[in-house]
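Colleague: Hi! Could you walk me through this model when you have a minute?
Modeller: Happy to, let me put it up first.

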Amino acid sequence: MAVCARLCGVGPARGCRRRGAAREQRRGGAGDSEPDTDTDPEEAGGGGGGGGGDEEEEAAERIEGGRPASHPAEAGPAGRAPLSLLELPPELLVQIFGSLPGTDLPSLARVCTTFRRILRTDTIWRRRCREEYGVCENLRKLEITGVSCRDVYAKRINPRVKSGRFMKILPDYEHMEYRDVYTCLLHRYRHILGLWQPDIGPYGGLLNVVVDGLFIIGWMYLPPHDPHVDDPMRFKPLFRIHLMERKCATVECMYGHKGPHNGHIQIVKKDEFSTKCNQTDHHRMSGGRQEEFRTWLREEWGRTLEDIFHEHMQELILMKFIYTSQYDNCLTYRRIYLPPSSPDDLIKPGLFKGTYGSHGLEIVMLSFHGKKAKGTKITGDPNIPAGQQTVEIDLAHPLQLPDVENLRDFSELSRIVLEIQEQVRREEQEQEQRQEEEEAASQPAAKPLGGEGAEGEETAAGAEGTTQDKAPASQPFVLPMGVISRNEDYPRTCRICFYGTGLIAGHGFTSPERTPGVFVLFDDDRFGFIWLELKSFSLYSRIKVSFQNAEAPSREAFDEMLKNIQSLAT
């Protein structure tokens, strides 16, 4: 800001040659460049400040926030380059200011009243809305561009509902400004944009908060109906925020079947916020809890209770409805990140939907950590809750499947896996013994340990890469006899297999233990896991959604996030 002050001829630099030259030309016009000491960040480009009158304000609006063109400060002597920002044409200043981050504009507005007046230009704020948040809608030409205010207000509420019962008083976009959209909506709620996991006991969830036109909308993503793992994700709005009036953002709850209603959002702390519904009667249905359950069952499972013959599955479904319905008025969300990727990764990490027996489809995050790959539950169940590490793949121990005929024999596959399990146990014991010996040695001698460990990882990674290079592009695959799969339409060829472990537990996450299994990579977007002890097979398919504001700022931040959600689940 001090640099701006010297350039425009104000501030403490009294001996500045630029100021001296500019003062000669702006004699008598000092009132337009006096320092502004207002410190309110939302006043950037706002009312108040010196100079003017109605005629000057109208002229300033005609040139997008500048002074009348006849002002002597705007024209320098012929053939001389401007020595001050105030000597530049207002149109050029608008372009310059529009290229600055929106968070810097309040400081710029405090330099002088001229800058403050130029920052009233809505073109500047429209550019910041577009470049920082992707807002492309034109507040002044919604009807001309073929998008009505009604469509913008009601967009994507519920495409199956054709009636106009969701329509309320429409926002008065005609009298709104992009500065209001930026300061009172986008900038104010920027901290809730991204991916979040709701705290719904063991069930979890996946919420993506995005800027959608002139709204901020929280979309809850749901897996497809069991067992169609390759189908696209389903989604529904949980809340939305928009400007109903200038300088006043409105939060609306979208839960239930009676349309938007009054809600509240509170940012609890960094990477955590909560929502509250102020009109929970909108969540109730006229037919009572039975109608609500039948409607929920059709949306959640795509079927009726009579279609589900398995008694244990009926109990799990009813338990989930009773539990989740307790959270329809208040929810807390914690931020999650997409896993960072590396060129050495087996496949691109990310989010997958997988089959989990009677629990239906669940969302799992696949991430790579050196010679290990981990699958962390984003949604869970009463046995293995959300946040727990459901599978772990040992990339240092590839597994060669037998031929198709022998693969059908479960005992043959079990023998191969148990042999590798014993090998892994011996290697871990040897590693622990070496570590104890190194710890007993002197401190300087402990330094090569990190190098040896890193070298070991590189060796394992190299061995893994060599194994992948030697492995055929694809090999036949079939599930052994007796292994249960919810989806019989699994791929019949695979690229490579690895030894891994899966987490199993009793109801309520009692007696958890890791049991051996087989990780099967089918292609870039699908993998499977054979649970030996359960004689069960889970098929996973990539979630092909471009989630916004979901990248981790660093590897350390992602690892810390994984620890946090796992500790909460425990």
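**Salt bridges, strands and a helix**

Modeller: Let's start with a salt bridge, between Asp524 and Arg495, whose closest N and O atoms are 2.8 Å apart. Asp524 sits in the loop between strand 17 (510-523) and strand 18 (526-531), and Arg495 in the loop between strand 15 (493-494) and strand 16 (496-506), so the pair ties together parts that are 29 residues apart in sequence. Please keep in mind that this is a predicted model.

Colleague: How many salt bridges does a search of the whole structure find?
Modeller: The search gives 27 salt bridges. One of them joins Glu362 to Lys377, with the closest N and O atoms 2.8 Å apart. Glu362 belongs to strand 10 and Lys377 to strand 11, so this pair ties together parts that are 15 residues apart in sequence.

Colleague: And how covered are Glu362 and Lys377?
Modeller: Glu362 has a relative accessible area of 2%, so it is buried. Lys377 is buried as well, at 1% relative accessibility. The cut-off for buried is under 20%.

Colleague: Which salt bridge do Arg127 and Glu131 make, and where?
Modeller: Their side chains meet at 2.8 Å, N to O. Arg127 and Glu131 are four residues apart in helix 7 (residues 122-133), which means that about one helical turn separates them. Arg127 is partly exposed at 23% relative accessibility, and Glu131 is partly exposed too, with a relative accessible area of 43%.

Colleague: Which residues are linked with them in a network?
Modeller: Arg128 and Glu132 are in there with Arg127 and Glu131, and salt bridges link the four residues.

Colleague: Changing topic, what does the chain look like overall?
Modeller: The protein chain has 15 helices and 19 strands. Of its 570 residues, 47% count as buried. If you take contacts between residues at least 6 apart in sequence, 61% of them join residues at least 24 apart. The chain exposes about 28,100 Å², and carbon and sulfur atoms supply 50% of that.

Colleague: Can you pick a strand for me? What about strand 2?
Modeller: Good one to look at: strand 2 (residues 207-212) is mostly covered, with six of its six residues buried. Leu207, Val209 and Val211 are buried on one side, and Asn208, Val210 and Asp212 are buried on the other.

Colleague: What does strand 2 pair with?
Modeller: With strand 1 it pairs in the antiparallel sense over three bridges; there, Leu195 has Asn208 of strand 2 as its bridge partner. Strand 2 also runs antiparallel to strand 3 (residues 215-222), joined by six bridges. In strand 3, Met220 is the bridge partner of Leu207.

Colleague: And what is between strand 2 and strand 3?
Modeller: Two residues, in a hairpin; Gly213 in the turn has a positive phi of about 70°.

Colleague: I also clicked on Ile192. Where does Ile192 lie?
Modeller: Ile192 is in the loop between helix 9 (178-186) and strand 1. It counts as buried, at 0% relative accessibility. Leaving aside neighbours within four places in sequence, the residues in contact with Ile192 are Val209, Ile216, Phe239, Ile241, Ile265, Ile267 and Phe273. As for Phe273, it is 81 residues from Ile192 in sequence, and the two are 7.2 Å apart in space, C-alpha to C-alpha.

Colleague: Last topic, helix 15. Which residues are buried there?
Modeller: Phe558, Met561, Leu562, Ile565 and Ala569 are buried in helix 15. They cover an arc of only 100° around the axis, which puts them on the same side of the helix.

Colleague: Why would residues three or four places apart point the same way?
Modeller: Because an α-helix has 3.6 residues a turn.

Colleague: So what is on the other side of helix 15, and what do the buried residues pack against?
Modeller: Glu556 and Lys563 are exposed on the other side. The buried residues pack against strand 1 (194-198), strand 8 (330-336), strand 10 (361-369) and strand 11 (372-377).

Colleague: What span should helix 15 have?
Modeller: At 1.5 Å a residue, its 15 residues (555-569) should span 21 Å, and the end C-alpha atoms are 22 Å apart, which agrees.

Conventions
Residues numbered from 1 in each chain as written. Predicted model: local features only at pLDDT ≥ 70, side-chain atom pairs only at ≥ 80, totals over all residues. Heavy atoms only, no water. Expected span 1.5 Å × (residues − 1). Buried < 20%, exposed > 50% of the residue type's maximum accessible area, 1.4 Å probe, protein only. Arc of directions from axis to C-beta. Contact = heavy atoms within 4.5 Å. Areas by Shrake-Rupley, 256 points an atom, 1.4 Å probe, with all protein chains shown as cover. Pairing = 2+ DSSP bridges.
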